[in-house]
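Subject: Handover of a structure

Dear colleague,

Please find below the structure that I am passing on to you.

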Amino acid sequence: MPELPEVETVTRALSKVITNCKITLVEIQRYDLRWKIPESLKLDLKNDSFSEPYRKGKYILNPTKNGNILLIHLGMSGQIKIKNNIPDLVKHDHLRIIIRDKNNQIFSITYNDPRRFGYIDCFN
């Protein structure tokens, strides 16, 4: 299971990329993680923008400008892949969020978890 320093490192890496970026696309490859990803996740994040993410315990909380919070828990083997392009999804990629920054640069944020012990939720 990722320990607090690893979760903090992921949160800081996300902060450098997603803060003030517009969400252009949310793709869910597999809904059945530890708990099911909510069906409403795509609609909740559609045309929204991320504020600065933060860590609370081992949870990564990604607030949005519209008042939603995308919660990510890495579980035992989960990882976040940040790319400055849109690579093909590979095995165990469960969620991908495509974002665009103020300079129109596109980034791909992908949640990968072979053991599926992590989970993702969205609430306000």
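**What was found**

The lining of the largest pocket comprises three nonpolar, three polar and three charged residues. In this division Ala, Val, Leu, Ile, Met, Phe, Trp, Tyr, Cys and Pro count as nonpolar, Asp, Glu, Lys and Arg as charged, and the others, Gly among them, as polar. The residues in question are Lys16, Val17, Thr19, Asn20, Cys21, Asp101, Lys102, Asn103 and Phe107. The volume of this pocket is about 150 Å³. A pocket is defined on a 1 Å grid over the protein atoms alone, as an open set of points where a 1.4 Å probe fits, with protein on both sides within 12 Å along at least five of seven lines; lining residues have an atom within 4 Å of a point. Grid points are joined across faces, edges and corners, and the volume is the space filled by probe spheres set on the points.

Please note that this is a predicted model, in which local features need pLDDT of at least 70 and side-chain atom pairs count only at pLDDT 80 or more, while totals for chains, interfaces and linings use all residues. Residues are numbered from 1 along each chain as its sequence is written, and side-chain values use heavy atoms, with hydrogens and water left out.

**The chain as a whole**

The protein chain contains two helices and eight strands, and from the N terminus on its elements follow the order α-β-α-β-β-β-β-β-β-β. The radius of gyration is 13 Å, close to the 14 Å that the globule rule gives for 124 residues, so the chain is as compact as a globular protein of that length. Helices (H or I, at least four residues) and strands (E, at least two) are DSSP runs, numbered from the N terminus. The radius is taken over C-alpha atoms, and the globule rule is 2.2 Å times the number of residues to the power 0.38.

Along the principal axes, the C-alpha atoms fill a box of roughly 35 × 25 × 25 Å. The accessible surface comes to about 6,900 Å², and carbon and sulfur atoms account for 48% of it; the areas come from the Shrake-Rupley method with a 1.4 Å probe, and for residues only the protein chains shown count as cover. Of the 124 residues, 44% count as buried, where buried means under 20% relative accessible area, exposed over 50%, and partly exposed in between (1.4 Å probe, protein chains only). Among contacts between residues at least 6 apart in sequence, 61% join residues at least 24 apart, a contact being heavy atoms within 4.5 Å.

**Helix H1**

Leu14 belongs to helix H1 (residues 4-18) and is buried, at 1% relative accessibility. Not counting residues up to four places away in sequence, Leu14 touches Thr19, Pro53, Ile60, Asn62, Ile80, Ile82 and Ile109. Ile80 is 66 residues from Leu14 in sequence, with 8.6 Å between their C-alpha atoms.

Ser15 is also part of helix H1 and counts as buried at 16% relative accessibility. With residues up to four places away left out, Ser15 touches Glu52 and Pro53.

**His94, Asp113 and Arg116**

His94 lies in strand S6 (residues 93-100) and is buried, with 3% relative accessibility. Beyond four places in sequence, its contacts include Glu27, Arg30, Tyr111, Asp113 and Arg116.

Asp113 is found in the loop between S7 and S8, and at 0% relative accessibility Asp113 counts as buried. Apart from neighbours within four places, Asp113 is in contact with Leu74, Ser77, Gly78, His92, His94 and Gly118.

Arg116 sits in the loop between strand S7 (106-112) and strand S8 (119-123) and is partly exposed at 28% relative accessibility.

**Positive phi and a buried loop residue**

Most residues other than glycine have a negative phi. Arg116, however, has a positive phi near 60 degrees, and Asn47 has a positive phi of about 55 degrees. Asn47 lies in the loop between helix H2 (41-45) and strand S2 (54-56) and is exposed, with a relative accessible area of 54%.

Asn68, in the loop between strand S3 (59-63) and strand S4 (69-73), is buried, with a relative accessible area of 10%. Leaving aside neighbours within four places, the contacts of Asn68 include Asp44, Asp48, Cys122 and Asn124.

Yours sincerely
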